[in-house]
Amino acid sequence: MVARLKRSVLPSALIVLALVHPTKAQSLSGADIRELISGQRVYLSTPFGVELPLIYQSNGTVIGNISGISIARMFAPREAGKWWIQGNVLCQKWPTWYDGKQFCFAVRKIGINRIAWLRDDGTAGTARIGG
């Protein structure tokens, strides 16, 4: 009976483990990052359960529009900044958001249309691409 239980439970447990354990994150080169986000809408996940949409235009402009989010009243609700690739990181700078400070992000692919990012000040998060 124990052997039969092991044969039925073990495969099921392995399938569940494979589904919940994330695949190995894939670090991206600068060219990979450009190909992935250029011309795309990127939705940054927040601790508040809200996604912040950013549009990375192929001409190097990034547009953020948080006007539909209630906390946006405390910030400029819509702003256009610049983005570029520097080596193997994504950099961006906004005129007023983040006091106009430049930040750069290492980007890893963590699934289909999902990325994890690490900003040069140690802040980290995830985002989904498109849709």
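Let's start at a cysteine: C104 is buried, with a relative accessible area of 9%, where buried means under 20% relative accessible area, exposed over 50%, and partly exposed in between, using a 1.4 Å probe and protein chains only. Its partner is C91, and the sulfur atoms of the two sit 2.0 Å apart in a disulfide, which counts as a pair of cysteine sulfur atoms within 2.5 Å. A disulfide is a covalent bond between the sulfur atoms of two cysteines. C91 is buried too, at 0%. The pair ties together distant parts of the chain, with C91 in strand β6 and C104 in strand β7, 13 residues apart. The link is right-handed, with 105° about the S-S bond, and the count for the protein comes to one disulfide.

Before going on, a word about what you're looking at: this is a predicted model, where local features need pLDDT of at least 70, side-chain atom pairs count only at pLDDT 80 or more, and totals for chains, interfaces and linings use all residues. Residues are numbered from 1 along each chain as its sequence is written, and side-chain values use heavy atoms, with hydrogens and water left out.

Now step back to the whole. The protein has two helices and nine strands, taken as DSSP runs numbered from the N terminus (H or I, at least four residues, for helices; E, at least two, for strands). Along the sequence they follow the pattern α-β-α-β-β-β-β-β-β-β-β. Of the 131 residues, 31% count as buried. The protein exposes about 8700 Å², and carbon and sulfur atoms supply 60% of that; the areas come from the Shrake-Rupley method with a 1.4 Å probe, and for residues only the protein chains shown count as cover.

Strands pair here if DSSP finds at least two bridges between them. With β1 (residues 26–27), β7 runs antiparallel over two bridges, and Q26 stands opposite K109. Three bridges pair β7 with β6 (residues 89–93), again antiparallel, and there Q92 faces F103. Then come six antiparallel bridges to β8 (residues 114–119), with G111 opposite R114. The hairpin of β7 and β8 has two residues between the strands, and N113 takes a positive phi near 60° in it.

What about the inside? The largest nonpolar core has 21 residues, and I33, I37, Y56, W83, L90 and V107 touch the most other members. Such a core is a set of buried Ala, Val, Leu, Ile, Met, Phe, Trp, Tyr and Cys residues joined through side-chain atoms within 4.5 Å. The elements giving two or more residues to it are α2 (30–37), β3, β5 (78–86), β7, β8 and β9. Leaving out residues up to four places away in sequence, Y56 touches several residues, among them I37, V42, W83 and L90; contact means heavy atoms within 4.5 Å.

Finally, there are two salt bridges, each a side-chain nitrogen of Lys or Arg within 4 Å of a carboxyl oxygen of Asp or Glu. E51 and R128 make one, at 2.9 Å from N to O. That pair joins β3 (residues 51–56) and β9 (residues 124–129), 77 residues apart. E51 is partly exposed at 31%, and R128 is partly exposed at 26%. D121 and R119 also meet in a salt bridge, at 2.9 Å from N to O. Here D121 is partly exposed at 40%, whereas R119 is buried at 11%.
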